[in-house]
Amino acid sequence: MQAPTFRPVSVQVAGPNPLPPTPTRITELPGNLFDAPEGSALIHACNTQGSWGGGIARAFKERYPAAYQVYRSHCLQFLRAGKTHEISDMYTHVNSVSILPLGTALIIPPQPADSRRSQKKHWIICLFTSAGYGRRVDRPEQIINHTYAALRDLREKLTDLRLDGTEPSPTALFSCQFNSGLFGVPWPDTRRALDHTGLHVTVIYPPGDDEETA
């Protein structure tokens, strides 16, 4: 199943509504992110180079190789195009120009090949919060602004999914403590950006640990 190049659409589904008309509700629990219920969306932070080579991204690649190919194709498409867009600073609201898909979200529907491997149909949500990775990872303040923009984009796309009503959509949102591992951003800083979105997200971290390696 190929990722759509436009905002996907959905029918209303049973389960908690991830887009309530109320303030953000974030629940943090110890556990395994990949044990999230059937039909849930798993959120993690990604680079724009098409690489899930380390941290929790590597675990995503191992469990959802078909979703990884959708993500990689999406990245390569934008790398070739070189298109830009404006991102608003989270605090000053001053706009700056970034190269797509930085500061956006990619919603990948459950891929049949992955569902057969994991026994669960999970949506995968990629937040493009850093252009590079490893030694070329973006600065923490850049990552936070990209995160804020990507979360706003995610909210809009999830709203479109619910309003159109022609295909399935996620029943709930789960995430790791994204940006806090290999991207090196303290989780409280990322959570502050998440607090501004109005999304209901269950954040899963390893038992006995304060940070997810993402």
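Which residues do ring pairs link into a cluster?

Analyst: The model is predicted: local features need pLDDT of at least 70, side-chain atom pairs count only at pLDDT 80 or more, and totals for chains, interfaces and linings use all residues. Residues are numbered from 1 along each chain as its sequence is written, and side-chain values use heavy atoms, with hydrogens and water left out.

Ring pairs join Phe34, Trp52, Phe60, Tyr64, Tyr68, Tyr71 and Phe128 into a cluster. Rings of Phe, Tyr and Trp (its six-membered ring) pair if their centres lie within 6.5 Å; planes under 30 degrees apart count as stacked, over 60 as edge-to-face and the rest as tilted. The whole structure holds 9 aromatic pairs. In one of them, the ring centres of Phe34 and Phe60 are 5.1 Å apart and the planes stand at 70°, so this pair is edge-to-face. Phe34 belongs to the loop between β1 (25-30) and β2 (41-47), while Phe60 is in helix α1 (residues 55-63), 26 residues apart; helices (H or I, at least four residues) and strands (E, at least two) are DSSP runs, numbered from the N terminus. Both Phe34 and Phe60 are buried, that is, under 20% relative accessible area, where exposed is over 50% and partly exposed in between (1.4 Å probe, protein chains only).

The rings of Tyr68 and Tyr71 have centres 6.0 Å apart and planes at 45°, so their pair is tilted. These two tyrosines lie 3 residues apart in helix α2 (residues 65-81), about one turn of the helix, and both Tyr68 and Tyr71 are buried.
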